[in-house]
Amino acid sequence: MVHPDLLRQRLDALELVTRSLARATETKEWREIALTPDDVQAWLGVLNDTRLVLGTRLGVTEDEPDIDPDAPEARAYAIYYWLTQLQGDLIDVLLK
């Protein structure tokens, strides 16, 4: 019963993230995005949802595995940990 509403919320959040990325200004090394409060909520939701899906697929637990860089899932783990860091950084900025 709630599936259509949840799907719509996630698609709307993805749209906000996409629009905020389009507003990014680029320097030599970075891209900077000024986020509105709605953008922030969308980013947090999209990051969290993506991490949950990827973490479930990888079987992530609290114990960090030793990952062979040549293993087929090594890139997926790298993305998972990057998303975790990005989400943490966003939360740190919000708490300041």
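## Ala78 in helix H3

Ala78 is partly exposed, with a relative accessible area of 47%. Ala78 sits in helix H3, which covers residues 74–95. Ile67 lies 11 residues away from Ala78 along the chain. The C-alpha atoms of Ala78 and Ile67 are 9.5 Å apart. As with everything below, these values come from a predicted model.

## Overall layout

The chain has 3 helices and 2 strands. Their order along the sequence is α-β-β-α-α. Helix H1 spans 3–22. Strand S1 covers 25–26, and helix H2 covers residues 37–58. Helix H3 takes in residues 74–95.

The C-alpha atoms fill a box of roughly 45 × 40 × 25 Å along the principal axes. Of the 96 residues, 23% are buried. The accessible surface is about 7,800 Å². Carbon and sulfur atoms hold 57% of that surface. Among contacts with a separation of 6 or more, 45% join residues 24 or more positions apart.

Met1 lies in the segment before helix H1. Met1 has 98% relative accessibility, so Met1 counts as exposed. Met1 also belongs to a nonpolar surface patch, together with Val2 and Leu6. The three residues share about 380 Å² of accessible area.

## Salt bridges

Side chains of opposite charge can pair when their charged atoms come close. This structure holds 5 salt bridges.

Arg8 pairs with Asp12, with the closest N and O atoms 3.0 Å apart. Both residues are in helix H1, 4 residues apart, so about one helical turn separates them. Arg8 is partly exposed at 45% relative accessibility. Asp12 is partly exposed too, at 37%. A further salt bridge joins Arg31 to Glu26, with a closest N to O distance of 3.5 Å. Arg31 is exposed at 61% relative accessibility. Glu26 is exposed at 60%.

## The Arg23–Asp39 link

Arg23 forms a salt bridge with Asp39, and the closest N and O atoms are 2.5 Å apart. Arg23 lies in the loop between H1 and strand S1, while Asp39 is in helix H2, so the pair ties together parts 16 residues apart in sequence. Arg23 is partly exposed, at 42% relative accessibility. Asp39 is buried, with a relative accessible area of 2%. The cut-off for buried is under 20%, and this is why Asp39 is placed in that class.

## Ser20 and its surroundings

Ser20 is in helix H1. Ser20 is buried, with a relative accessible area of 0%. The side chain of Ser20 makes a polar contact of 2.8 Å with the side chain of Trp43.

Beyond neighbours within four places in sequence, Ser20 touches Ile33, Leu35, Asp39 and Trp43.

## Arg51, a buried charge without a salt bridge

Arg51 lies in helix H2. Arg51 is buried yet has no salt bridge. Which side chain of opposite charge is nearest to Arg51? That side chain is Asp49, 9.2 Å away. A salt bridge needs a nitrogen and a carboxyl oxygen within 4 Å, so Asp49 is out of range.

Arg51 has a polar partner instead. The side chains of Arg51 and Tyr80 are joined by a polar contact of 3.3 Å. Leaving out residues up to four places away in sequence, Arg51 touches Tyr80, Leu83, Thr84 and Gln87.

## Val53 and Tyr80

Val53 is also in helix H2. Val53 is exposed, with 60% relative accessibility. In sequence, Val53 and Tyr80 are 27 residues apart. In space, their C-alpha atoms are 9.6 Å apart. Tyr80 is also the residue whose side chain makes the polar contact with Arg51.

Terms used
Residues are numbered from 1 along each chain as its sequence is written. This is a predicted model: local features need pLDDT of at least 70, side-chain atom pairs count only at pLDDT 80 or more; totals for chains, interfaces and linings use all residues. Side-chain values use heavy atoms; hydrogens and water are left out. Patches are made of residues with over 30% relative accessible area and no salt bridge: like charges are joined within 9 Å, nonpolar side chains (Val, Leu, Ile, Met, Phe, Trp, Tyr) within 5 Å. Accessible areas come from the Shrake-Rupley method with a 1.4 Å probe; for residues, only the protein chains shown count as cover. Buried means under 20% relative accessible area, exposed over 50%, partly exposed in between (1.4 Å probe, protein chains only). Lys and Arg count as positive and Asp and Glu as negative; His and the chain ends are not counted. A polar contact is a pair of N or O atoms within 3.5 Å; within protein, one must be able to donate a hydrogen and the other to accept it, and residues adjacent in sequence count only if both atoms are side-chain atoms. Contact means heavy atoms within 4.5 Å.
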